[in-house]
Amino acid sequence: LTLVVLTLWAVIVVDLIHPLNVKVGEASDIYGDCERCPRAFESVFQTVLTLTQTIVAGDSWGKIAVPVVEANPWTYFLFLAIIVSVGLGLMNLILAVIVDRAH
């Protein structure tokens with residue numbers, strides 16, 4: 001279920017965020033030491049990998065998303081929706097296993 005939700009969000013992010021991420025990378029040297037950052041949202045696979053890294057693992061969120069949000073503030077709401085839906089979905093799965101084991 002989590003992978004399906006991540007894949008659906010990835011399709012949207014590739015279409016909406018990738019062009020903005022490319023512009024942010026070209027406009028400044030903000031991704032200087034991050035080799036993967038400019039291509040983090042270039043394909044569905046790369047986006048699922050990025051979302052897994054940032055949302056599920058909680059790693060490098062500020063390095064990739066914050067520059068995009070600073071340049072395009074409306075993307076904050078998109079990233080927030082992704083965090084909430086994936087986080088609630090993951091918690092729902094964990095809670096379902098705990099409740100199922102309790103019976």
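Helices α3 and α5 are roughly perpendicular to each other (the class covers angles of 65 to 115 degrees). The model is predicted: local features need pLDDT of at least 70, side-chain atom pairs count only at pLDDT 80 or more, and totals for chains, interfaces and linings use all residues. Residues are numbered from 1 along each chain as its sequence is written, and side-chain values use heavy atoms, without hydrogens and water.

**α3 with α5**
- α3 spans residues 44-56 and α5 spans residues 75-102 (helices are DSSP runs of H or I, at least four residues, numbered from the N terminus).
- Their axes lie 11 Å apart, at an angle of about 75 degrees (axes are fitted to C-alpha atoms over the stretch in contact; angles run from 0 to 180 degrees between N-to-C directions).
- Leu51, Ile55 and Val56 of α3 touch Ile82, Ile83, Val86 and Leu90 of α5 (contact means heavy atoms within 4.5 Å).
- This contact has 7 nonpolar, no polar and no charged residues (Ala, Val, Leu, Ile, Met, Phe, Trp, Tyr, Cys and Pro count as nonpolar; Asp, Glu, Lys and Arg as charged; the others, Gly among them, as polar).

**α4 with α5**
- The axes of α4 (residues 61-71) and α5 come within 8 Å and cross at roughly 140 degrees.
- Trp61, Ala65, Val68 and Val69 of α4 meet Thr75, Tyr76, Phe79 and Ile83 of α5.
- That contact divides into 7 nonpolar, 1 polar and no charged residues.

**Helix α3 residue**
- Val56 sits in helix α3.

Terms used:
Helices (H or I, at least four residues) and strands (E, at least two) are DSSP runs, numbered from the N terminus. Angles under 35 degrees count as roughly parallel, over 145 as roughly antiparallel, 65 to 115 as roughly perpendicular and the rest as oblique.
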